[in-house]
Amino acid sequence: MQPTPAVLPSPAVVFAALALPFLGAALAYPLYRVLGERTALFAAGTAAASFGLLATQYGAEGAVTMPWVPSLGISLTLYFDGLSALIAFLATGMGVLVFTYSYGYMHAEPGKRKYYPTLLAFMGAMVGVALAADLVALFLFWELTSVTSFMLIGHYGDESGQYAARKSMLITVAGGLFMLVGFLLLAYVSGGTEIGRTFTLVGDRAATLSGGTVELESMIGNSEVMREGLREAGLFLPVMLLVGMGAATKSAQVPFHSWLPNAMEAPTPVSAFLHSATMVKAGVYLVGRVRPLFLPETPQPDWMLVFATLGLISMAITAILAVGATDIKELLAYSTASHLALIVAAFGLAGAEGVELGAETGAFHIFNHAVFKATLFLVAGIIAHEAGTRAIDELGGLRREMPIVAGITAIAALGMAGVPPFNGFWSKELLYETTYLVAVHEGGLYWVYPALAVFGSVFTFLYSIRFLMLFFGEKPSALGHVHRPPLAMLAPPALLAVIALVVGLVPQIAIDGIVQSAFESALPPGFEAHALELSLAKLVDPTPWLGMSLLTIAIGAVAYQGYGSLHRGVRRARSVPVWSPDWYYDTLTAGAERFGVTTDRYVHTGLLRTYAGALFIGVSALALGGYVATGAVLPALGGVDVAIPMVLVLFVAVVGAVAVVAAPSHVAGVLTLSILGFMVAVFYVLASAPDLALTQLVVETLVLVIFLLVLDKLPAYYGEIERRRAVTDLLIAGTVGTTVFITVMLATAARPDDPIFSYFVERAPVPAEHGPYFFDYGGGGNIVNVILVDFRAFDTLGEISVVALAALSVLTMVAMRGRGREGTTGTADAGSAAATDGGEASAASRSSSDLRSDGDGTGGGSGG
């Protein structure tokens with residue numbers, strides 16, 4: 001077992017390791033003009049430098065943080081421990097190999113100038129996900145992986161690539177929004193506990209802050225308190241499901257798995273990176289990271305029933321779909337979803353026997369899967385690059401032209417199949433052991449877990465051997481000469497194959513190096529972990545889980561004889577719409593598109609009344625909904641003392657409001673509306689607010705004059721109003737009026753203990769004793785003026801700016817009146833006609849050349 005870390009990580013080094021990929025991304029674009037294709041080597045060097053910086057922190061554990069939004073308690077906190085180190089090392093280490101491989105693979109590919117900066121930013125985002133200890137930072141890096149992968153998946157810009165990019169973005173970002181809600185609920189619950197509100201997920205050690213050390217309160221460090229708070233609030237299961245939704249969509253778990261095969265439209269180096277060490281690993285990393293928060297030492301069944309069941313079912317379904325694949329990258333994509341599901345299931349297994357074994361299985365398979373899956377994707381790129389096809393039925397006998405690649409593939413494919421003594425066997429064996437012991441301890445339906453594990457692994461064996469058989473058997477006659485790959489493409493998978501072989505023969509190397517500390521990070525705080533020990537001697541130790549492994553291989557070997565029938569059966573099942581992994585996505589997006597078109601027809605009418613009505617109803621709904629959600633209660637109206645003059649003034653105002661509705665013309669409506677405004681001014685006078693009354697009188701008079709000037713250009717009669725429209729207007733006006741009434745009642749009901757006016761009364765006038773005059777006092781004689789000029793200076797400046805801009809716009813429009821379109825003639829007359837007949841002449845007077853000047857021939861938008 002690795003000794004307990006005695007030192008904290010260096011803040012400068014950790015932040016530099018995170019910033020370096022983004023700095024490299026910023027430099028790669030301009031450098032491409034100088035370096036050309038050698039930009040791949042620059043990117044590989046950047047990844048290597050980031051890897052090296054992280055390597056200097058090997059053995060350290062703890063948090064480094066810097067203030068970000070102190071007023072909200074948000075900081076950019078990074079946490080370096082075994083689990084974050086494992087993911088960060090995989091992201092940067094695989095990045096070195098993928099960039100090196102790209103140097104050969106991308107030689108004749110388009111878009112390389114944007115490819116390398118985007119891929120560097122993609123790598124940096126994944127390093128950020130691995131290191132982020134603050135929920136806000138974690139979410140931002142999480143979404144950045146979705147954005148950069150969107151650009152990489154749609155790299156070629158063709159229709160299928162755009163479809164795949166949109167699909168991955170919609171599914172993963174939607175899941176991320178669910179996760180964000182879960183994060184916010186976690187922060188909310190923490191505020192009701194002894195911890196106090198915090199966004200820090202992990203960090204129970206001291207954190208380095210501005211050169212000193214401070215105690216860092218975290219959710220996982222206080223997991224027992226957080227679990228109690230979640231259960232008391234009734235949010236334990238909802239928060240767990242919301243966070244799990246983000247992990248399931250990002251790691252392509254059923255039913256959100258369909259985006260991953262489509263992502264194969266990306267260049268093969270991107271596929272290798274995305275499927276082995278980045279994006280999809282973010283989901284399983286999140287499950288492992290939050291596991292200690294939701295998993296007490298004596299757990300309730302919630303966690304295991306959700307994640308272990310989801311993982312094992314997804315593992316089986318996606319393995320079956322991989323058998324039905326017709327493209328080598330499609331096969332590897334479904335296999336990725338299956339192996340990610342294995343990791344989710346492993347982290348999900350709990351109970352008395354599964355807390356520790358599940359963490360071991362998940363952490364070890366993250367490492368093993370990254371090694372053999374990156375190898376196989378790079379091999380798939382070599383096959384497609386040199387053979388010119390990825391269709392499984394068109395490939396075979398490649399061993400003759402590419403013997404080294406065949407050896408590399410054998411090591412990786414047998415590891416993926418779980419054949420001893422290759423690396424994937426050891427983590428698969430741990431899964432069998434965990435499911436078996438959980439079933440023995442829990443009994444009953446929990447025996448389905450080991451059965452599902454074996455069932456899914458049989459199909460894993462089948463598709464792994466099918467991939468390997470591309471190099472054996474007879475070479476199809478239609479397959480031409482296959483060239484040997486260049487060294488830049490051969491070296492990365494060869495190095496990975498060596499690592500996989502060494503780990504398979506001596507698994508303790510990987511365990512002692514990184515896996516032990518990684519799985520310890522997925523255990524509840526205070527849990528004493530044992531030292532994981534695996535060696536070839538385990539292969540002669542008769543155990544039930546070894547028997548499960550041998551049974552898997554035996555059934556798989558027999559079933560492989562009918563692989564063709566199984567393949568055709570899966571294809572037939574996928575041809576049924578409800579069984580197709582794409583049918584649900586396509587149906588939902590098509591429905592959303594139809595809904596959008598229908599909504600556009602009714603909402604985007606080009607009428608101001610439609611937009612204003614939607615705005616008013618939306619604001620009113622939000623306000624009223626907020627009042628209901630917060631349990632606001634209207635104050636009692638008793639004890640209101642209103643003088644007779646006020647009653648008379650308000651009565652006249654009400655009569656004026658009714659008269660506006662019944663007014664037969666524009667002029668009558670404006671005049672009766674002004675009665676309402678003037679009555680409000682009189683009310684202010686009676687309420688001892690002469691300044692407000694003066695303002696109201698000035699504004700009311702000015703508005704009345706402007707209205708009358710405008711009405712001179714409009715028809716004098718309203719015309720008939722449709723009954724349906726009148727009812728709609730009445731409902732909207734009634735809703736807005738009710739909202740304003742309730743808002744005023746609630747706002748004026750509050751009586752603060754320390755009223756704000758006392759501050760202005762004290763600070764507005766000239767002080768009796770001249771002290772810090774210019775800083776602490778307004779120095780005026782009129783409190784209202786001082787408030788507007790001094791205490792609300794920026795507010796007043798903003799209002800003045802709005803008025804000035806509006807005046808400038810009006811002057812501009814007046815000055816341009818009659819000029820017409822630039823470069824056309826005769827539009828001044830058309831504009832005059834439009835001003836007199838309601839605008840009908842403007843459309844009729846536009847020539848075909850005017851329509852063409854709109855750019856797309858649709859015209860209309862700017863002329864109406």
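# Helix packing, loops and backbone exceptions

Helix α15 (residues 403-417) and helix α16 (residues 423-442) pack with axes 6 Å apart, at an angle of about 5 degrees. Axes here are lines fitted to C-alpha atoms, for helices over the stretch in contact, and angles run from 0 to 180 degrees between N-to-C directions. The two helices α15 and α16 are therefore roughly parallel (angles under 35 degrees; over 145 is roughly antiparallel, 65 to 115 roughly perpendicular and the rest oblique).

This is a predicted model, in which local features need pLDDT of at least 70, side-chain atom pairs count only at pLDDT 80 or more, and totals for chains, interfaces and linings use all residues. Residues are numbered from 1 along each chain as its sequence is written, and side-chain values use heavy atoms, with hydrogens and water left out.

**Overall make-up**
- The protein has 34 helices and four strands. Helices (H or I, at least four residues) and strands (E, at least two) are DSSP runs, numbered from the N terminus.
- Of the 864 residues, 47% are buried. Buried means under 20% relative accessible area, exposed over 50%, and partly exposed in between (1.4 Å probe, protein chains only).
- The accessible surface is about 40,700 Å², and carbon and sulfur atoms hold 67% of that. The areas come from the Shrake-Rupley method with a 1.4 Å probe; for residues, only the protein chains shown count as cover.
- Take the contacts between residues at least 6 apart in sequence: 76% join residues at least 24 apart. Contact means heavy atoms within 4.5 Å.

- On the α15 side, G415, M416 and A417 make the contact; on the α16 side, N423, G424, F425 and K428 do.
- By class, the contact of α15 with α16 has three nonpolar, three polar and one charged residues. Ala, Val, Leu, Ile, Met, Phe, Trp, Tyr, Cys and Pro count as nonpolar, Asp, Glu, Lys and Arg as charged, and the others, Gly among them, as polar.
- Helix α7 (residues 223-232) and helix α11 (residues 280-294) cross at roughly 75 degrees, and their axes come within 8 Å. That makes α7 roughly perpendicular to α11.
- S223, M226, R227 and L230 of α7 meet P292, L293 and F294 of α11. Five of these residues are nonpolar, one is polar and one is charged.

- Helix α25 (residues 666-686) has 21 residues and should span 30 Å at 1.5 Å a residue; its end C-alpha atoms are 31 Å apart, which agrees. The expected span is 1.5 Å times one less than the number of residues.
- Its buried residues are G669, V670, T672, S674, G677, M679 and A681. They pack against α24 (644-662) and α26 (690-711).
- S688 is exposed, at 64% relative accessible area.

**Other loop features**
- Most residues other than glycine have a negative phi, and most peptide bonds are trans.
- A252 lies in the loop between α8 and α9. A252 is not a glycine, but its phi is positive, about 60 degrees. At 0% relative accessibility, A252 is buried.
- V254 and P255 are joined by a cis peptide bond, with omega about 5 degrees. P255 sits in the loop between α8 (236-250) and α9 (259-262).
- The P420 to P421 peptide bond is cis, with omega near 5 degrees. P421 lies in the loop between α15 and α16.

**Residue T118**
- T118 belongs to helix α4 (residues 112-131) and is buried at 10% relative accessibility.
- Beyond its neighbours within four places in sequence, T118 contacts T148, M151 and L152.
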